[in-house]
Amino acid sequence: MPDPSATSDAPVRPRLRFAPSPTGYLHVGGARTALFNWLYARHTGGQFLLRIEDTDRARSTEASTRAIFEGLQWLGLTWDEEVVYQGANLERHRRDGERLLAAGAAYRCFCTPEELDERRAAAEARRETFRYDRRCDRLPVDDVERRVAAGMPYAIRFRVPAGTIEWDDLVHGRIAFPNKDIEDFVVLRSDATPVYNMAVVSDDIAMRVTLVMRGDDHISNTPKQILLYRALGADVPGFAHLPMIHGTDGKKLSKRHGATAVADYQGQGILPTAMLNFLALLGWSPGGDREIMTLPEMVELFGPGGLQRKAAVFDPQKLEWMNGQHLSMMPLGELLPRVTPALVRAGLTTADALAAQPEWYAALVDLLRVRARTINDIVRQAEPYLCETITYDPEAVAKQWKDPAASAALLEASRDALAASPSWTPEALESALRALAESRAIAAGKLFQPLRVALTGLTVSPGIFDVLVLLGRDRALSRIDAAIRHLR
RNA sequence: GGCGGUAUCGUCUAGGGGACUAGGACGGAGCCCUCUCAAGGCUCAAACACGGGUUCGAAUCCCGUUACCGCUACCA
């Protein structure tokens with residue numbers, strides 16, 4: 001059996017990259033871009049690479065880089081190979097820029113940024129479109145040499161040839177830009193640092209990226225980049241431009257819209273798998289009515305055919321609903337380790353205490369998760385079962401213990417019926433209480449609701465018999481006693 | 001302004017010339033279940049931006065218009 005990778009015509013495995021700038025936290029738009037790149041790579045058996053675009057020294061921070069790693073790790077979007085730091089490749093970017101000059105694809109431009117600004121302003125005042133007029137490209141050779149010899153600073157500008165640049169975008173189909181609309185752009189500044197498009201193309205070539213998948217705000221950068229690939233003699237990769245994510249008001253998602261960092265959602269008790277599922281559906285659909293998916297299912301179903309061209313609005317409500325779905329379907333064994341730290345952080349218990357009674361703990365979470373949409377919801381509901389004393393919710397008292405004397409009497413009867421039950425199981429307790437209700441000719445609910453307040457202090461909880469069992473005989477009976485004392 | 005992109009219920013979307021009286025989901029309204037709250041089940045309201053073509057036939061193809069978004073730097 002020949003090794004397929006050894007044959008020269010073996011298909012190239014796709015190589016994709018996620019290339020965030022470390023200028024803040026990992027936001028949901030970036031997370032979705034990462035997800036789509038990751039899904040494509042995993043689906044095709046390709047590679048998913050990570051590049052930190054830290055060339056903007058002023059805005060890049062180490063904390064942001066860490067936040068990106070942590071966000072990606074939390075989501076489970078693992079990357080292949082070493083992380084590439086763009087800043088480390090500055091020398092190559094410069095060499096590639098100079099290669100352009102040497103090859104005659106670019107020229108020296110002695111116009112200063114100030115002069116350019118002036119001309120741009122003047123053109124604008126005349127209501128004309130400003131485009132660099134190539135004056136430096138028309139400088140006589142000896143003039144250029146004289147200026148260089150004199151140490152005059154210059155930028156390196158790419159000479160855009162005539163023609164049209166077009167490509168088949170994986171999400172948009174064919175996109176074309178007439179070259180006349182692309183001005184001769186700077187690739188190396190006068191301080192010899194590379195400009196964004198130069199650095200990106202240089203790195204993507206070096207990383208052997210075959211598919212550039214990114215936000216569609218980069219569509220107009222693409223023709224310039226294609227020009228650079230060609231001038232550098234490199235293969236042009238494929239492109240896939242994903243739609244933006246907007247806030248509820250239809251504008252580009254920003255801090256104004258509240259939580260935009262994936263860490264925010266982590267803090268709200270959203271599960272990574274739900275976050276991923278939700279993000280996947282923002283701009284992609286597997287077709288048909290499929291909505292709830294696990295990560296492996298997404299990997300299997302993912303394809304460029306389902307990619308959307310229109311910007312999507314981020315709807316936190318649907319995210320929460322989806323999280324509830326994932327909360328319910330996730331194996332308890334996976335859920336528990338995520339709930340425990342939240343419970344501990346809330347000061348309701350300790351990890352050791354929970355570990356001491358694993359079955360009880362599992363039963364508790366299993367009961368609570370049905371009516372929770374986030375892990376934080378579970379935490380909010382867990383207090384009556386984890387803490388020794390409870391507080392009575394004033395509204396619950398007002399509603400269910402309207403007549404204290406009558407309520408106390410009812411509780412007393414319930415207490416006796418429960419205490420007399422031969423076993424402390426949901427079934428036995430239920431028949432005990434229902435028999436009591438029947439003997440008194442009252443609706444069972446008239447018994448259950450006041451009892452619920454006595455047991456939990458609240459008007460809402462899991463089924464009353466489950467609560468009774470969860471609390472255990474001693475604790476349940478003593479809480480009823482306490483409620484009776486409170487009422488008298 | 002120039003260039004590019006986009007346009008199906010409030011939102012996410014299915015749809016890729018006839019199967020569309022346009023389907024699903026979130027959210028909303030209501031009903032059922034029921035010890036509360038959830039979950040679940042059922043029902044209802046809710047959309048093809050507009051105008052021209054092409055075609056026997058258009059949500060689907062083409063062209064305009066409009067609206068929205070992006071880019072337009074020696075930012076990334």
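Predicted model: local features only at pLDDT ≥ 70, side-chain atom pairs only at ≥ 80, totals over all residues.
Helices (H or I, at least four residues) and strands (E, at least two) are DSSP runs numbered from the N terminus.

I then checked the pairing, which requires at least two DSSP bridges between two strands. β2 and strand β3 (residues 84-85) run parallel and are joined by two bridges, with Ile 52 partnered by Tyr 85 of β3. Strand β1 (residues 15-18) also pairs with β2 in the parallel sense, over four bridges; here Arg 17 has Leu 49 of β2 as its bridge partner. β1, helix α1 (residues 28-44) and β2 make a right-handed β-α-β unit as well.

I noted the burial of β2 (residues 47-52): five of its six residues are buried, meaning under 20% relative accessible area with a 1.4 Å probe, protein chains only.

I turned to RNA strand B. Among the atoms of RNA strand B within 4 Å of the protein, 75% belong to sugar or phosphate. A polar side-chain atom of Arg 373 lies 2.7 Å from a phosphate oxygen of RNA strand B.

For the record, residues are numbered from 1 along each chain as its sequence is written, and chains are lettered from A in the order in which they are written. Local features need pLDDT of at least 70 and side-chain atom pairs 80 or more, while totals for chains, interfaces and linings use all residues, and side-chain values use heavy atoms, without hydrogens and water.

Technical notes:
Near = heavy atom within 4 Å. Polar contact = N/O pair within 3.5 Å; in protein donor to acceptor, adjacent residues only side chain to side chain. Buried < 20%, exposed > 50% of the residue type's maximum accessible area, 1.4 Å probe, protein only. Right-handed = clockwise from strand over helix to strand, strands pointing away.
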